Amino acid sequence: MDIQVREFMKLQPGYPQVSDTDKYYYVIAVHVGRAWDSCGALVDIDDRVRERVVLAIIGYYQDIVADAGLWRTFTKLHREQHGTPLPHYTPGDDYIDYELNVDDLRYLIWYTLACSAEVDHALSPHGEELLLLARAVHEVLDFDYEHAPVPVELTMLTGVDLNDEAEARGVYDLAHWFYWRSYLMQCNAAAATQEVMPEAQAIIAKHGEHGAAPLLHDLNDRIMATRNAEFGPISMPLAQWLKHITDKG
């Protein structure tokens, strides 16, 4: 599996700038890809989909290392609403909230694959291959977990005052990244894009690619403002997600 640098960077909050921590986590992504190849589990899936899964895994890992609040918010709300931090699984005694867990990885891998149109067969969240893959990935991530560098750009999520007009630009950038590019919302962004594609194509046909750019930007903003952001069974307006995240859930 070949992890494309550009695809990795597009999910980083600081894109297109490249930081030293970006380089570190890209190398981890490569190691995760190799571990997937070596473990022999679910290797028949298209490499583009597997790359998407690896990038979601790295986003989760960066989030957990930085305690950025995305996964914290999801698992906390799921526990409040459904009694457990994750769908499908009842975590054992070794599960630690807001830390690196095999069950987190198992759910994230399953969910990302389940949302992928290219995967043409049902995948059980309790499948043996899925667990084998999650354990192989966990071994790679856990190796240097205690010493992994904090992705500085992700710490912006915990210091933003959503009500401060002086921070309006920062809030907008955070909202746009979270909705369209964060690992937690990959499936949501793909679904939203699919829904608005006819309108976007009509705009391009009428105004040309150059003239359509600001109109497409406005379309993105409208979708962010009106369509709930969904991850698993948790669906909320974008503003509510951001409030939970910046308050650390």
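Here is a quick tour of one protein chain, from its overall build down to a few single residues. Keep in mind that this is a predicted model. The chain has 9 helices and 2 strands, and 47% of its 249 residues count as buried. Its radius of gyration is 18 Å, which agrees with what a compact globule of 249 residues would have.

**Overall build**

- If you walk along the sequence, the elements come in the order α-α-α-α-α-α-α-α-β-β-α.
- The C-alpha atoms fill a box of roughly 50 × 40 × 40 Å, taken along the principal axes.
- Take the contacts between residues at least 6 apart in sequence: 69% of them join residues at least 24 apart.

**Surface and charge**

- The accessible surface of the chain comes to about 12300 Å². Carbon and sulfur atoms account for 52% of that surface.
- On the charge side, you'll find 19 positive and 39 negative side chains. The centres of these two sets lie 4 Å apart.

**The nonpolar core**

- In soluble globular proteins, nonpolar side chains tend to be buried together.
- The largest nonpolar core here holds 77 residues. Trp-71, Leu-141, Phe-178, Phe-231 and Trp-241 are the ones that touch the most other members.
- Helix H3, which covers residues 47-66, gives the most to this core, with 12 residues.
- Which residues does Phe-178 touch, not counting those up to four places away in sequence? The list is Leu-70, Leu-184, Met-185, Ala-229, Leu-238, Trp-241, Leu-242 and Ile-245.

- Ala-175 lies in helix H7, residues 168-180. With a relative accessible area of 7%, Ala-175 is buried, because buried means under 20%.
- Setting aside residues up to four places away in sequence, Ala-175 touches Met-224, Leu-238 and Leu-242.
- Ala-175 and Asp-44 are 131 residues apart along the chain, and their C-alpha atoms are separated by 35 Å.
- Ala-229 sits in strand E1, residues 229-231. Is Ala-229 buried or exposed? At 0% relative accessibility, Ala-229 counts as buried.
- Leaving out neighbours within four places in sequence, the contacts of Ala-229 include Phe-178, Tyr-179, Met-185 and Trp-241. Asn-188, Ile-234, Ser-235 and Met-236 are also among the residues in contact with Ala-229.

**Two exposed residues**

- Ala-117 is in the loop between helix H5 (102-114) and helix H6 (128-142). Its relative accessible area is 77%, so Ala-117 is exposed, which takes a value over 50%.
- Ala-117 and Tyr-61 are 56 residues apart along the chain, and 25 Å separates their C-alpha atoms.
- Ser-38 lies in helix H2. Ser-38 is exposed too, with a relative accessible area of 66%.
- How far apart are the C-alpha atoms of Ser-38 and Ala-136? They are separated by 8.9 Å, although the two residues are 98 apart along the chain.

- Most residues other than glycine have a negative phi, and most peptide bonds are trans.
- The peptide bond from Tyr-15 to Pro-16 is cis, with omega near 15°. You'll find Pro-16 in the loop between helix H1 (5-10) and helix H2 (20-39).
- Asp-67 isn't a glycine, yet it has a positive phi of about 50°. Asp-67 is in the loop between H3 and helix H4 (70-82), and at 22% relative accessibility it counts as partly exposed.
- His-88 isn't a glycine either, and its phi is positive at about 75°. This histidine lies in the loop between H4 and H5. At 41% relative accessibility, His-88 counts as partly exposed.

Notes: Residues numbered from 1 in each chain as written. Predicted model: local features only at pLDDT ≥ 70, side-chain atom pairs only at ≥ 80, totals over all residues. Heavy atoms only, no water. Helix = DSSP H or I, 4+ residues; strand = E, 2+ residues; numbered from the N terminus. Rg over C-alpha atoms; globule rule 2.2 N^0.38 Å. Buried < 20%, exposed > 50% of the residue type's maximum accessible area, 1.4 Å probe, protein only. Contact = heavy atoms within 4.5 Å. Areas by Shrake-Rupley, 256 points an atom, 1.4 Å probe, with all protein chains shown as cover. Lys, Arg positive; Asp, Glu negative; His and termini not counted. Charge placed at Lys NZ, Arg CZ, Asp CG, Glu CD. Core = buried A, V, L, I, M, F, W, Y, C linked by side-chain atoms within 4.5 Å.
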